[in-house]
Amino acid sequence: MTEVKPDRRLDPKGFVITNYTQDIITDPPMELLMQFKKGTKLIYNKNIVEFNIKSGKFLWFAEDGSCYLLNRMYEM
């Protein structure tokens, strides 16, 4: 999920959060990434302190820092 705190004095004012830390996979193996296709890119507008997406099930932070929603190639 995304969260914004527009009244915060300092940056960052926008955050990506999860309910469970065990849901975070750092440096996922290519075999895992191959099960998904890249979807919408998460974009943060710092001028209006808003994200283009409010929530999603699978997020991937690319090496360049971009964040994308992922869609399963097939349901399990």
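Select Lys-5 to begin: it is partly exposed, with a relative accessible area of 39%. The model is predicted; local features need pLDDT of at least 70, side-chain atom pairs count only at pLDDT 80 or more, and totals for chains, interfaces and linings use all residues. Residues are numbered from 1 along each chain as its sequence is written, and side-chain values use heavy atoms, leaving out hydrogens and water.

Stay on Lys-5. This residue sits in the loop between β1 (2-4) and β2 (14-16). Strands (E, at least two residues) and helices (H or I, at least four) are DSSP runs, numbered from the N terminus. Not counting residues up to four places away in sequence, Lys-5 touches Lys-13 and Phe-15; contact means heavy atoms within 4.5 Å.

Next, select Glu-3. Glu-3 forms a salt bridge with Lys-5, and the closest N and O atoms are 3.5 Å apart. The term means a side-chain nitrogen of Lys or Arg within 4 Å of a carboxyl oxygen of Asp or Glu. By this rule the count comes to one salt bridge. Glu-3 counts as partly exposed, at 29% relative accessibility.

Move to Thr-2, in strand β1. Is Thr-2 buried or exposed? Thr-2 counts as buried because its relative accessibility is 18%. Its side chain reaches the backbone oxygen of Ile-53 at 3.1 Å. Leaving out residues up to four places away in sequence, Thr-2 touches Phe-15, Leu-42, Phe-51, Ile-53 and Lys-54.

Now select Leu-42, Phe-51, Ile-53, Cys-67 and Leu-69 together. These five residues make up the largest nonpolar core, a core being a set of buried Ala, Val, Leu, Ile, Met, Phe, Trp, Tyr and Cys residues joined through side-chain atoms within 4.5 Å. In soluble globular proteins, nonpolar side chains tend to be buried together. Within this set, pick Cys-67: apart from neighbours within four places in sequence, Cys-67 is in contact with residues including Thr-40, Leu-59 and Trp-60.

Finally, show the whole chain. Of its 76 residues, 18% count as buried. The C-alpha atoms fill a box of roughly 40 × 25 × 25 Å, taken along the principal axes.

How values were computed: Buried < 20%, exposed > 50% of the residue type's maximum accessible area, 1.4 Å probe, protein only. Polar contact = N/O pair within 3.5 Å; in protein donor to acceptor, adjacent residues only side chain to side chain.
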